[in-house]
Amino acid sequence: MNDNINININSIKAFENLSDSAVKDIENNSEILQYSIGQPICKKEIIPNKVLIILSGEARFLHEEKSNSLTLARLGSDQFIGLASILNVKGCESISASSNLMVLAIPENLIIKIYKEEQSFKNWC
């Protein structure tokens, strides 16, 4: 993880009861990504290879029909992008940045490992 940004992994609701080893895995294998206003983050046809957790900014959860996009929900701090698609093994999220966005990106294989090994995270899901 980027040394310039200090994130308390346990302060994220879904991770508040994770084991120390799971927290270390997230800290050692995650990265900080940034998105600009309007930039696509997740397309519903694609299963992402990372789960994103919003640290700052907002994103739009979209319903796309033909050439129109409708905002179904606004996503903010501590909300996940990509988790539903990975757990369902089917792309189901269409999301774009509605402001400058900073996210914690966790590789899908690590999220799946945590889901299988950490009961508190599995219960949260």
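1. E3 and E8 are antiparallel and pair over 6 bridges; two strands are taken to pair if DSSP finds at least two bridges between them. Strands (E, at least two residues) and helices (H or I, at least four) are DSSP runs, numbered from the N terminus.

2. This is a predicted model, in which local features need pLDDT of at least 70 and side-chain atom pairs count only at pLDDT 80 or more, while totals for chains, interfaces and linings use all residues. Residues are numbered from 1 along each chain as its sequence is written, and side-chain values use heavy atoms, with hydrogens and water left out.

3. E3 also runs antiparallel to strand E6 (residues 80–81), joined to it by 2 bridges. Across this pairing, Ile-53 stands opposite Phe-80 in E6.

4. Phe-80 is also listed for the largest nonpolar core, which has 21 residues; Phe-80, Phe-15, Leu-18, Ile-26, Leu-104, Ile-106 and Phe-121 have the most contacts inside it. Two or more residues each come from helix H1 (20–29), strand E3 (50–56), helix H2 (83–88), strand E8 (101–107) and helix H3 (108–117). A nonpolar core here is a set of buried Ala, Val, Leu, Ile, Met, Phe, Trp, Tyr and Cys residues joined through side-chain atoms within 4.5 Å. Buried means under 20% relative accessible area, exposed over 50%, and partly exposed in between (1.4 Å probe, protein chains only).

5. Which residues does Ile-106 contact, leaving aside its neighbours within four places in sequence? They are Phe-15, Ile-26, Ser-30, Lys-50, Val-51, Ile-53 and Ile-111, with contact meaning heavy atoms within 4.5 Å.

6. An open sheet is formed by 4 strands in the order E2-E7-E4-E5, with antiparallel pairing. Its edge strands, E2 (40–42) and E5 (68–75), each pair on one side only. From one strand to the next the twist averages 40 degrees, where axes are lines fitted to C-alpha atoms (for helices over the stretch in contact) and angles run from 0 to 180 degrees between N-to-C directions.

7. Within this sheet, strand E4 (residues 59–65) pairs with E5 over 7 bridges in the antiparallel sense. Leu-62 stands opposite Thr-71 in E5, and His-63 has Leu-70 in E5 as its bridge partner. The E4 and E5 hairpin has 2 residues between the strands, and Lys-66 takes a positive phi near 50 degrees in it.

8. Ser-96 belongs to strand E7 (residues 95–97). Ser-96 counts as buried because its relative accessibility is 9%. Not counting residues up to four places away in sequence, Ser-96 touches Gly-38, Gln-39, Pro-40, Ile-41, Ala-59, Arg-60 and Leu-62.

9. By contrast, Asn-88, found in helix H2, counts as exposed because its relative accessibility is 52%. Asn-88 and Asn-109 are 21 residues apart in sequence and 14 Å apart in space, C-alpha to C-alpha.

10. The largest pocket has a volume of about 160 Å³. Its lining includes Tyr-35, Ile-41, Cys-42, Lys-50, Leu-52, Ile-81 and Gly-82; E2 and E3 are the elements that give two or more residues to it. On a 1 Å grid over the protein atoms alone, a pocket is an open set of points where a 1.4 Å probe fits, with protein on both sides within 12 Å along at least five of seven lines; lining residues have an atom within 4 Å of a point. Points are joined across faces, edges and corners, and a volume is the space filled by probe spheres set on them.
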